[in-house]
Amino acid sequence: MDLGIKGKKVIVTAASKGLGFASAKILLMNGAKVIISSSNEENLKLAYDNLKNLGELSYFKADLSKKEDIDALFNFAFEKFNSIDILVYVTGSPKAGKFMELKDEDWNYASNLLLLSAVRCAKRAAELMKNGGRIIFSASAAIKEPIMDLALSNVIRISIAGLVKTLSKELASKGILVNAVLPGYIFTDRVKQIVKNRANKEKITEEEALKSITKDIPLGRIGDPEEFANVVLFLASNLSSYVNGACIPVDGGMLKSVF
Ligand SMILES: NC(=O)c1ccc[n+]([C@@H]2O[C@H](COP(=O)([O-])OP(=O)(O)OC[C@H]3O[C@@H](n4cnc5c(N)ncnc54)[C@H](OP(=O)(O)O)[C@@H]3O)[C@@H](O)[C@H]2O)c1
């Protein structure tokens, strides 16, 4: 089946590891031309070396908390491709913590990393989408059910849902479809660290910590990055031509809310 990905010009942010890496990989495997970016050159080069045999790939270092880096990334994409077709936006993780523990500077930094970066990337991407396109945000299942001790994520990421709805209405006439994927627990370095932290905090083994997370997931396990990336591929492909303004959980059924 032709998914319509072959030859598409794609930017994937925060792609040196985890969800972004898996998304870049599956898009490359389906024939897209991909620019990966992240804030650490060493990680990025490693990811580039791991993926370069799969297709047309380049990389560009950009810290998403900095406007000038985002501008430089999109300028690089413009010089390379002249236009783009697909943006897969993933970002770094905010600091964990309860509301009363967080300082003003934490809110400022997290706003740049989680919200303004999404706004800036979407704006530059839409400007470069000359023949329509897809904007796919990765956010978090926490936008539907807040997670304890993650006040920054719980409060700021929910704005991605507003951004998706707003852009899905404003950009539809340009042929740009805008959606989000909401990961629950997907087995990346981040989640491995969460498991480790929980084990240390509760003085239990990592295996027990993992069980305490998976007991709330109807499928009884944490997801693989490829299972997240499959949904990104769907949203990037011809198969999702009538999906616009949706926030799709990839959580093994973890969310309890109906909507
Ligand atoms: N995995 C899950 O189950 C899950 C669930 C809900 C939400 N999330 C969120 O999804 C995002 C990705 O998580 P992940 O699980 O893929 O984590 P991960 O495996 O730790 O990867 C994080 C990625 O973000 C990049 N990054 C970190 N800071 C950055 C910055 N300032 N600018 C640009 N890139 C940056 C890292 O690359 P460099 O270090 O090379 O910059 C890396 O490629 C995070 O925001 C996370 O909180 C994940």
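On the side of domain 1 that touches domain 2, α1 (18–29) and α9 (225–236) each supply at least two residues; helices (H or I, at least four residues) and strands (E, at least two) are DSSP runs, numbered from the N terminus.

This is a predicted model, in which local features need pLDDT of at least 70 and side-chain atom pairs count only at pLDDT 80 or more, while totals for chains, interfaces and linings use all residues. Residues are numbered from 1 along each chain as its sequence is written, and side-chain values use heavy atoms, with hydrogens and water left out.

Domain 1 covers 9–184 + 224–250 and domain 2 covers 187–222, with bounds from an automatic or database domain assignment. Their C-alpha centres lie 25 Å apart. In contact (heavy atoms within 4.5 Å) are 10 residues of domain 1 and seven residues of domain 2.

The two domains bury about 580 Å² between them, 42% of it on carbon and sulfur atoms. Buried area is the accessible area (1.4 Å probe) that two parts lose on being put together, summed over both. Within domain 1, Ser-93, Asp-224 and Glu-227 lose the most area to domain 2, together 43% of what that side buries.

Three salt bridges are counted between domain 1 and domain 2, a salt bridge being a side-chain nitrogen of Lys or Arg within 4 Å of a carboxyl oxygen of Asp or Glu. Arg-221 and Glu-227 form a salt bridge through their side chains, at 2.7 Å from N to O. Another salt bridge joins the side chains of Asp-189 and Lys-17 at 3.7 Å, N to O. Asp-189 sits in helix α7 (residues 189–202) and Lys-17 in the loop between β1 (9–12) and α1, 172 residues apart.

The ligand is surrounded by 28 residues, the closest being Ser-38, Ser-39, Arg-157, Ile-186 and Thr-188; a residue is near a molecule or strand if one of its heavy atoms lies within 4 Å of it. Distances to ligand oxygen atoms follow.

| Residue | Protein atom | Distance to a ligand oxygen atom |
|---|---|---|
| Ala-14 | polar backbone atom | 3.4 Å |
| Thr-91 | backbone N or O atom | 2.9 Å |
| Arg-157 | side-chain N or O atom | 2.7 Å |

Methods
A polar contact is a pair of N or O atoms within 3.5 Å; within protein, one must be able to donate a hydrogen and the other to accept it, and residues adjacent in sequence count only if both atoms are side-chain atoms.
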